[in-house]
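Me: I have a model open and want to talk through its packing. Can you take my questions one by one?

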Amino acid sequence: MLFAVLFFVLAVVSLAFVCWPVLRRREGARGWILAASLACVVLGIGAGLYLFLGAPQIALRNPANVRSDDWKGMVALLVTNARAHPNDSTAWEMLGRGYLELQDGDSAAGAFRRALATAPPARQPYVLDEIGMSLTGSASGEVTQDAERAFTLALRMNGHDVPARFYLGFAYAARRDNAHAIAVWKSALEDVPANGPLHGKLVDNIMRLTAEQGQSPDIGAMVAGLAARLKQQPDDPEGWQRLVRSYAVLGDAAKARAALADARVAMKANAPARTALDQEAKELKLED
(Lines give C-alpha, C1' and ligand atoms only; values in the text may rest on other atoms or scores of the structure.)
Protein backbone atom coordinates (compact mmCIF):
# COMPACT_ATOMS: atom_id res chain seq x y z
CA MET A 1 0.00 0.00 0.00
CA LEU A 2 2.82 2.40 0.89
CA PHE A 3 4.56 1.77 -2.43
CA ALA A 4 1.32 2.48 -4.30
CA VAL A 5 0.88 5.80 -2.50
CA LEU A 6 4.48 6.82 -3.18
CA PHE A 7 4.14 5.86 -6.84
CA PHE A 8 0.94 7.94 -7.14
CA VAL A 9 2.56 10.98 -5.50
CA LEU A 10 5.61 10.76 -7.77
CA ALA A 11 3.40 10.42 -10.83
CA VAL A 12 1.37 13.50 -9.88
CA VAL A 13 4.48 15.59 -9.23
CA SER A 14 6.05 14.49 -12.53
CA LEU A 15 2.92 15.32 -14.52
CA ALA A 16 2.57 18.69 -12.82
CA PHE A 17 6.20 19.49 -13.64
CA VAL A 18 5.60 18.75 -17.33
CA CYS A 19 2.08 20.14 -17.77
CA TRP A 20 2.08 23.31 -15.64
CA PRO A 21 4.28 25.38 -18.01
CA VAL A 22 1.95 24.51 -20.89
CA LEU A 23 -1.17 25.56 -18.98
CA ARG A 24 0.45 28.84 -17.96
CA ARG A 25 1.29 29.77 -21.56
CA ARG A 26 -1.86 28.51 -23.24
CA GLU A 27 -5.31 29.07 -21.89
CA GLY A 28 -8.58 27.42 -22.86
CA ALA A 29 -9.34 24.06 -24.40
CA ARG A 30 -6.22 23.97 -26.60
CA GLY A 31 -3.99 24.31 -23.56
CA TRP A 32 -5.74 21.53 -21.71
CA ILE A 33 -5.63 19.26 -24.77
CA LEU A 34 -1.89 19.85 -25.21
CA ALA A 35 -1.25 19.27 -21.49
CA ALA A 36 -3.25 16.06 -21.54
CA SER A 37 -1.32 14.87 -24.60
CA LEU A 38 1.99 15.54 -22.86
CA ALA A 39 0.75 13.72 -19.78
CA CYS A 40 -0.12 10.66 -21.85
CA VAL A 41 3.29 10.72 -23.55
CA VAL A 42 5.12 10.97 -20.21
CA LEU A 43 3.08 8.18 -18.66
CA GLY A 44 3.50 6.01 -21.74
CA ILE A 45 7.26 6.47 -21.89
CA GLY A 46 7.64 5.90 -18.16
CA ALA A 47 5.53 2.75 -18.16
CA GLY A 48 7.26 1.42 -21.26
CA LEU A 49 10.74 1.92 -19.86
CA TYR A 50 9.76 0.38 -16.56
CA LEU A 51 8.29 -2.69 -18.21
CA PHE A 52 11.28 -3.04 -20.56
CA LEU A 53 14.17 -2.21 -18.20
CA GLY A 54 12.69 -2.62 -14.77
CA ALA A 55 11.42 -5.60 -12.86
CA PRO A 56 7.78 -4.94 -11.95
CA GLN A 57 7.30 -8.60 -11.07
CA ILE A 58 9.74 -8.17 -8.16
CA ALA A 59 7.75 -5.33 -6.69
CA LEU A 60 4.66 -7.52 -6.60
CA ARG A 61 6.39 -10.36 -4.78
CA ASN A 62 5.83 -11.18 -1.16
CA PRO A 63 7.43 -13.90 0.99
CA ALA A 64 4.46 -16.23 0.58
CA ASN A 65 4.71 -16.16 -3.23
CA VAL A 66 8.49 -16.65 -3.64
CA ARG A 67 9.61 -20.18 -4.46
CA SER A 68 12.76 -21.59 -2.87
CA ASP A 69 14.41 -21.81 -6.30
CA ASP A 70 13.42 -18.29 -7.35
CA TRP A 71 16.65 -16.50 -6.40
CA LYS A 72 15.74 -13.24 -8.11
CA GLY A 73 12.66 -13.05 -5.95
CA MET A 74 14.60 -14.09 -2.87
CA VAL A 75 17.25 -11.43 -3.49
CA ALA A 76 14.56 -8.79 -3.83
CA LEU A 77 13.28 -9.75 -0.39
CA LEU A 78 16.82 -9.89 1.03
CA VAL A 79 17.49 -6.38 -0.28
CA THR A 80 14.37 -5.11 1.46
CA ASN A 81 15.34 -6.89 4.67
CA ALA A 82 18.93 -5.54 4.63
CA ARG A 83 17.75 -1.98 4.02
CA ALA A 84 15.25 -2.30 6.83
CA HIS A 85 18.02 -3.53 9.17
CA PRO A 86 21.13 -1.60 8.03
CA ASN A 87 23.11 -2.48 11.16
CA ASP A 88 22.35 -6.21 11.04
CA SER A 89 25.47 -7.88 9.64
CA THR A 90 23.62 -11.18 9.22
CA ALA A 91 21.06 -9.55 6.92
CA TRP A 92 23.85 -8.22 4.68
CA GLU A 93 25.63 -11.59 4.68
CA MET A 94 22.43 -13.29 3.57
CA LEU A 95 22.08 -10.73 0.79
CA GLY A 96 25.67 -11.36 -0.28
CA ARG A 97 25.04 -15.08 -0.55
CA GLY A 98 21.89 -14.37 -2.53
CA TYR A 99 23.90 -12.36 -5.03
CA LEU A 100 26.38 -15.24 -5.27
CA GLU A 101 23.51 -17.53 -6.28
CA LEU A 102 22.83 -15.06 -9.10
CA GLN A 103 26.56 -15.16 -9.98
CA ASP A 104 26.90 -11.46 -9.25
CA GLY A 105 30.22 -11.40 -7.44
CA ASP A 106 30.66 -7.65 -7.39
CA SER A 107 27.28 -7.02 -5.78
CA ALA A 108 27.95 -9.85 -3.35
CA ALA A 109 31.26 -8.27 -2.33
CA GLY A 110 29.45 -4.96 -1.75
CA ALA A 111 26.91 -6.65 0.51
CA PHE A 112 29.63 -8.45 2.45
CA ARG A 113 31.48 -5.15 2.93
CA ARG A 114 28.32 -3.73 4.50
CA ALA A 115 28.21 -6.81 6.74
CA LEU A 116 31.84 -6.30 7.73
CA ALA A 117 31.10 -2.79 9.02
CA THR A 118 28.86 -4.11 11.82
CA ALA A 119 30.04 -7.72 12.20
CA PRO A 120 31.35 -8.83 15.62
CA PRO A 121 35.17 -9.12 15.76
CA ALA A 122 35.05 -12.92 15.87
CA ARG A 123 32.98 -12.97 12.69
CA GLN A 124 35.02 -10.48 10.68
CA PRO A 125 37.64 -12.94 9.30
CA TYR A 126 34.88 -15.08 7.80
CA VAL A 127 33.21 -12.04 6.21
CA LEU A 128 36.57 -10.96 4.79
CA ASP A 129 36.90 -14.43 3.25
CA GLU A 130 33.47 -13.96 1.68
CA ILE A 131 34.58 -10.64 0.20
CA GLY A 132 37.76 -12.17 -1.21
CA MET A 133 36.00 -15.20 -2.66
CA SER A 134 33.28 -13.04 -4.24
CA LEU A 135 35.87 -10.83 -5.92
CA THR A 136 37.86 -13.87 -7.05
CA GLY A 137 34.78 -15.46 -8.56
CA SER A 138 33.89 -12.22 -10.30
CA ALA A 139 37.39 -12.17 -11.82
CA SER A 140 37.02 -15.72 -13.22
CA GLY A 141 39.23 -17.26 -10.54
CA GLU A 142 41.96 -14.62 -10.45
CA VAL A 143 42.84 -13.45 -6.95
CA THR A 144 42.70 -9.69 -7.52
CA GLN A 145 44.55 -7.13 -5.40
CA ASP A 146 41.37 -6.26 -3.51
CA ALA A 147 40.71 -9.95 -2.90
CA GLU A 148 44.28 -10.50 -1.72
CA ARG A 149 43.97 -7.61 0.71
CA ALA A 150 40.79 -9.12 2.14
CA PHE A 151 42.41 -12.55 2.55
CA THR A 152 45.56 -11.06 4.06
CA LEU A 153 43.55 -9.15 6.66
CA ALA A 154 41.46 -12.24 7.42
CA LEU A 155 44.61 -14.31 8.00
CA ARG A 156 46.05 -11.58 10.19
CA MET A 157 42.91 -11.74 12.34
CA ASN A 158 42.73 -15.55 12.34
CA GLY A 159 45.99 -17.42 11.84
CA HIS A 160 44.12 -20.70 11.23
CA ASP A 161 41.98 -19.30 8.40
CA VAL A 162 42.03 -22.04 5.74
CA PRO A 163 40.20 -20.27 2.85
CA ALA A 164 42.48 -17.25 3.18
CA ARG A 165 45.63 -19.40 2.94
CA PHE A 166 44.19 -21.43 0.08
CA TYR A 167 43.55 -18.37 -2.09
CA LEU A 168 46.65 -16.47 -1.00
CA GLY A 169 48.69 -19.41 -2.28
CA PHE A 170 47.29 -18.79 -5.77
CA ALA A 171 48.04 -15.07 -5.45
CA TYR A 172 51.69 -15.80 -4.59
CA ALA A 173 51.96 -18.44 -7.32
CA ALA A 174 50.65 -15.95 -9.90
CA ARG A 175 53.60 -13.70 -8.99
CA ARG A 176 55.99 -16.66 -9.35
CA ASP A 177 56.59 -16.61 -5.60
CA ASN A 178 56.35 -20.38 -5.45
CA ALA A 179 58.24 -20.72 -2.17
CA HIS A 180 55.75 -18.47 -0.40
CA ALA A 181 52.79 -20.25 -2.03
CA ILE A 182 54.09 -23.70 -1.01
CA ALA A 183 54.71 -22.52 2.55
CA VAL A 184 51.21 -21.10 3.00
CA TRP A 185 49.60 -24.19 1.45
CA LYS A 186 51.63 -26.51 3.69
CA SER A 187 50.51 -24.55 6.74
CA ALA A 188 46.89 -24.88 5.58
CA LEU A 189 47.30 -28.67 5.34
CA GLU A 190 47.72 -28.80 9.09
CA ASP A 191 44.19 -27.47 9.58
CA VAL A 192 42.42 -29.43 6.82
CA PRO A 193 40.79 -32.84 7.46
CA ALA A 194 42.55 -35.63 5.60
CA ASN A 195 39.24 -36.83 4.16
CA GLY A 196 38.18 -33.36 3.03
CA PRO A 197 38.14 -32.40 -0.67
CA LEU A 198 40.46 -29.46 -0.01
CA HIS A 199 43.24 -31.73 1.26
CA GLY A 200 43.80 -33.33 -2.13
CA LYS A 201 43.78 -29.97 -3.91
CA LEU A 202 46.40 -28.58 -1.55
CA VAL A 203 48.64 -31.61 -2.00
CA ASP A 204 48.32 -31.48 -5.79
CA ASN A 205 49.17 -27.77 -5.90
CA ILE A 206 52.14 -28.19 -3.57
CA MET A 207 53.54 -31.00 -5.74
CA ARG A 208 52.94 -29.02 -8.93
CA LEU A 209 54.79 -25.93 -7.69
CA THR A 210 57.57 -28.03 -6.19
CA ALA A 211 58.10 -29.68 -9.57
CA GLU A 212 58.11 -26.27 -11.29
CA GLN A 213 60.96 -25.22 -9.01
CA GLY A 214 63.00 -28.13 -10.32
CA GLN A 215 62.89 -29.92 -6.99
CA SER A 216 61.79 -33.45 -6.28
CA PRO A 217 58.77 -33.35 -4.02
CA ASP A 218 58.98 -35.64 -1.03
CA ILE A 219 56.22 -37.87 -2.32
CA GLY A 220 57.18 -40.68 0.02
CA ALA A 221 56.61 -38.52 3.08
CA MET A 222 53.28 -37.30 1.75
CA VAL A 223 52.12 -40.84 1.03
CA ALA A 224 53.18 -41.98 4.49
CA GLY A 225 51.27 -39.07 6.00
CA LEU A 226 48.18 -39.96 3.96
CA ALA A 227 48.40 -43.61 5.09
CA ALA A 228 48.67 -42.54 8.73
CA ARG A 229 45.67 -40.24 8.44
CA LEU A 230 43.56 -42.94 6.78
CA LYS A 231 44.19 -45.21 9.74
CA GLN A 232 42.73 -42.54 12.00
CA GLN A 233 39.99 -41.44 9.56
CA PRO A 234 39.20 -44.39 7.26
CA ASP A 235 35.92 -42.98 5.89
CA ASP A 236 37.61 -41.33 2.90
CA PRO A 237 36.96 -43.11 -0.44
CA GLU A 238 39.02 -40.66 -2.49
CA GLY A 239 41.85 -40.81 0.03
CA TRP A 240 42.07 -44.61 -0.27
CA GLN A 241 42.13 -44.38 -4.06
CA ARG A 242 44.88 -41.79 -3.85
CA LEU A 243 46.90 -43.97 -1.48
CA VAL A 244 46.64 -47.07 -3.68
CA ARG A 245 47.56 -45.05 -6.77
CA SER A 246 50.47 -43.36 -4.99
CA TYR A 247 52.04 -46.66 -3.93
CA ALA A 248 51.65 -47.96 -7.48
CA VAL A 249 53.30 -44.83 -8.92
CA LEU A 250 56.18 -45.27 -6.46
CA GLY A 251 56.60 -48.81 -7.80
CA ASP A 252 55.72 -50.51 -4.52
CA ALA A 253 53.13 -53.05 -5.68
CA ALA A 254 53.08 -54.87 -2.34
CA LYS A 255 52.07 -51.75 -0.41
CA ALA A 256 49.58 -50.86 -3.13
CA ARG A 257 47.87 -54.26 -2.77
CA ALA A 258 47.93 -53.99 1.03
CA ALA A 259 46.36 -50.54 0.83
CA LEU A 260 43.76 -51.90 -1.59
CA ALA A 261 42.82 -54.64 0.86
CA ASP A 262 42.57 -52.15 3.75
CA ALA A 263 40.49 -49.84 1.58
CA ARG A 264 38.00 -52.59 0.74
CA VAL A 265 37.57 -53.36 4.42
CA ALA A 266 37.05 -49.69 5.24
CA MET A 267 34.60 -49.27 2.35
CA LYS A 268 32.68 -52.53 2.84
CA ALA A 269 29.42 -50.61 3.34
CA ASN A 270 30.05 -48.24 0.42
CA ALA A 271 29.23 -50.01 -2.84
CA PRO A 272 30.19 -47.12 -5.19
CA ALA A 273 33.55 -46.77 -3.42
CA ARG A 274 34.24 -50.51 -3.76
CA THR A 275 33.42 -50.33 -7.46
CA ALA A 276 35.83 -47.42 -7.88
CA LEU A 277 38.55 -49.37 -6.05
CA ASP A 278 38.00 -52.38 -8.30
CA GLN A 279 38.38 -50.14 -11.33
CA GLU A 280 41.51 -48.59 -9.85
CA ALA A 281 43.02 -52.02 -9.22
CA LYS A 282 42.26 -53.04 -12.79
CA GLU A 283 43.82 -49.92 -14.30
CA LEU A 284 46.92 -50.24 -12.13
CA LYS A 285 47.15 -54.00 -12.89
CA LEU A 286 47.25 -54.90 -9.22
CA GLU A 287 45.04 -57.94 -9.75
CA ASP A 288 44.72 -60.56 -12.45
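Me: How are α6 and α7 oriented relative to each other?

Reply: In this predicted model, α6 and α7 are roughly antiparallel (angles over 145 degrees). Their axes come within 8 Å and cross at roughly 165°. α6 covers residues 105–118 and α7 covers residues 124–138. Axes are lines fitted to C-alpha atoms over the stretch in contact, and angles run from 0 to 180 degrees between N-to-C directions. Helices are DSSP runs (H or I, at least four residues), numbered from the N terminus.

Me: Is that crossing left-handed or right-handed?

Reply: The crossing of α6 and α7 is left-handed. That term applies if the near helix is turned anticlockwise from the far one by less than a right angle.

Me: Which residues meet there?

Reply: From α6, they include Ala-108, Ala-109, Phe-112 and Leu-116. From α7, they include Val-127, Leu-128, Ile-131 and Ser-134. Contact means heavy atoms within 4.5 Å. By class, this contact has nine nonpolar, four polar and three charged residues. Asp, Glu, Lys and Arg count as charged; Ala, Val, Leu, Ile, Met, Phe, Trp, Tyr, Cys and Pro as nonpolar; the others, Gly among them, as polar.

Me: Ser-134, then. Buried or exposed?

Reply: Ser-134 is buried, with a relative accessible area of 1%. Buried means under 20%, exposed over 50%, and partly exposed in between (1.4 Å probe, protein chains only). Leaving aside neighbours within four places in sequence, Ser-134 is in contact with Leu-100, Gly-105, Ala-108, Ala-109 and Phe-112.

Me: New topic. How many residues are in the largest nonpolar core?

Reply: It has 39 residues. A core is a set of buried Ala, Val, Leu, Ile, Met, Phe, Trp, Tyr and Cys residues joined through side-chain atoms within 4.5 Å. Leu-95, Tyr-99 and Trp-185 have the most contacts inside this core.

Me: Which helix gives the most to it?

Reply: α9 does, with seven residues. Helices that each supply at least two residues include α4 (71–84), α5 (89–101) and α11 (197–212).

Me: And what does Leu-95 touch?

Reply: Val-75, Leu-78, Val-79, Ala-82 and Ala-111, not counting residues up to four places away in sequence.

Me: Where is Trp-185?

Reply: Trp-185 is in helix α10. At 0% relative accessibility, it counts as buried. Its contacts beyond four places in sequence include Phe-166, Phe-170, Leu-202, Ile-206 and Leu-209. The C-alpha atoms of Trp-185 and Leu-168 are separated by 8.6 Å, with the two residues 17 apart along the chain.

Me: What about Ser-140?

Reply: Phi of Ser-140 is near 60°, a positive value. Ser-140 is found in the loop between α7 and α8. Its relative accessible area is 73%, so Ser-140 is exposed.

Me: How many helices and strands overall?

Reply: The chain has 15 helices and zero strands (E, at least two residues). Of its 288 residues, 33% count as buried.

How values were computed:
Residues are numbered from 1 along each chain as its sequence is written. This is a predicted model: local features need pLDDT of at least 70, side-chain atom pairs count only at pLDDT 80 or more; totals for chains, interfaces and linings use all residues. Side-chain values use heavy atoms; hydrogens and water are left out. Angles under 35 degrees count as roughly parallel, over 145 as roughly antiparallel, 65 to 115 as roughly perpendicular and the rest as oblique.
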